[in-house]
Amino acid sequence: MSKKRIVVCGGNGFLGSRICKSATARGWTVTSFSRSGEPQWSSITSSPTPPSWSTSVTWEKADMLKPVTYRALLADADAVVHSTGILLEADYKGVLTGRESVWGGLSRAFSSTKMGSRTDPLEGSAGGLEPGEGDGQLTYELMNRDSAITLAQEASGQNVPSFVYISAAAGAPMLPKRYITTKRDAESTIASSLPKLRSIFIRPGFLYDSSRSFTLPIAFAGAVGNMVNSMVGGRLTALAGAAVEKPLKADLVAEAVVEAIEDEGVKGVVGTQLIEDLANVSWRRGML
């Protein structure tokens with residue numbers, strides 16, 4: 001097992017921090033970048049105290065919408081991971097918190113299209129990615145699609161061999177369709193436009209962990225839905241999407257990401273079954 005250097009965009013998040021942890025366990029050199037730098041540990045673990053492994057990570061502050069702020073961090077990396085994005089846009093959140101009217105907020109949230117960056121993410125811009133919506137809203141198009149394409153292009157430009165994009169298994173009835181279509185757009189653009197990269201698209205369902213107690217009942221409901229879907233031959237998938245996809249523990253997905261980087265034969269879409277298989281290989285490797 002060779003020692004590698006990886007850069008994780010969003011390494012301060014729920015899954016990103018666990019990817020950092022798994023990579024440091026292998027003795028890899030790990031750099032995370034995000035706007036805040038080091039995580040607020042109480043929001044992603046069960047304790048506000050930084051875990052012991054966190055001292056092995058270099059926590060940098062950078063803006064993923066502005067490549068000039070993170071470009072130097074990618075030099076000599078073996079892999080770059082995009083582990084950030086948004087589940088709900090501001091309109092949807094506004095409805096849930098009462099700041100927006102139900103009709104107005106949901107009409108905009110579920111609109112068929114919104115603007116991403118004002119500039120083509122493949123063409124680059126000295127100013128980086130600028131929100132295309134008039135109110136500067138951070139849309140799915142900007143955060144889930146354009147930021148990933150730009151990061152992948154920056155990685156390719158610095159001859160980074162591997163790029164990992166944390167995508168999703170499917171959309172869900174309660175989410176705007178653009179949530180998943182922008183992720184699929186990112187995957188297809190990266191795969192077709194940046195052939196030098198070994199691109200890996202991780203597609204998990206719902207992620208849970210005991211440190212986030214609210215995720216446990218959701219995961220239980222998802223497990224039941226997945227079982228029922230299996231019993232009817234997968235016929236609920238088209239209707240319910242990720243709601244009937246098998247939920248996965250966040251640590252398991254993180255192990256799979258690191259193993260996928262290690263195994264040069266892994267490329268393209270990595271769905272639930274392969275995620276579990278890769279995690280099992282990783283854990284067996286750790287026992288040796």
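Modeller: With a definition: a salt bridge is a side-chain nitrogen of Lys or Arg within 4 Å of a carboxyl oxygen of Asp or Glu. This is a predicted model, and the structure holds 15 salt bridges. In one of them, R26 pairs with E259, with the closest N and O atoms 2.7 Å apart.

Biologist: Which parts of the chain does the pair of R26 and E259 link?

Modeller: Distant ones: R26 is in the loop between α1 and β2, E259 is in helix α9, and they are 233 residues apart.

Biologist: Are R26 and E259 buried or exposed?

Modeller: Buried means under 20% relative accessible area. R26 has 13%, so it is buried, and E259 is buried at 2%.

Biologist: How is a pocket found?

Modeller: Rolling a probe the size of a water molecule over the atoms shows where empty space is left. In this model, the second largest pocket has a volume of about 210 Å³. It is lined by 15 residues, and those closest to its centre are R18, K21, I44, T45 and S46.

Biologist: Which helix gives the most to that lining?

Modeller: α1, with three residues. By class, the lining has seven polar, four nonpolar and four charged residues.

How values were computed
Residues are numbered from 1 along each chain as its sequence is written. This is a predicted model: local features need pLDDT of at least 70, side-chain atom pairs count only at pLDDT 80 or more; totals for chains, interfaces and linings use all residues. Side-chain values use heavy atoms; hydrogens and water are left out. On a 1 Å grid over the protein atoms alone, a cavity is a set of points where a 1.4 Å probe fits but cannot get out, and a pocket is an open set with protein on both sides within 12 Å along at least five of seven lines; lining residues have an atom within 4 Å of a point. Grid points are joined across faces, edges and corners, and a volume is the space filled by probe spheres set on the points. Helices (H or I, at least four residues) and strands (E, at least two) are DSSP runs, numbered from the N terminus. Ala, Val, Leu, Ile, Met, Phe, Trp, Tyr, Cys and Pro count as nonpolar, Asp, Glu, Lys and Arg as charged, and the others, Gly among them, as polar. Buried means under 20% relative accessible area, exposed over 50%, partly exposed in between (1.4 Å probe, protein chains only).
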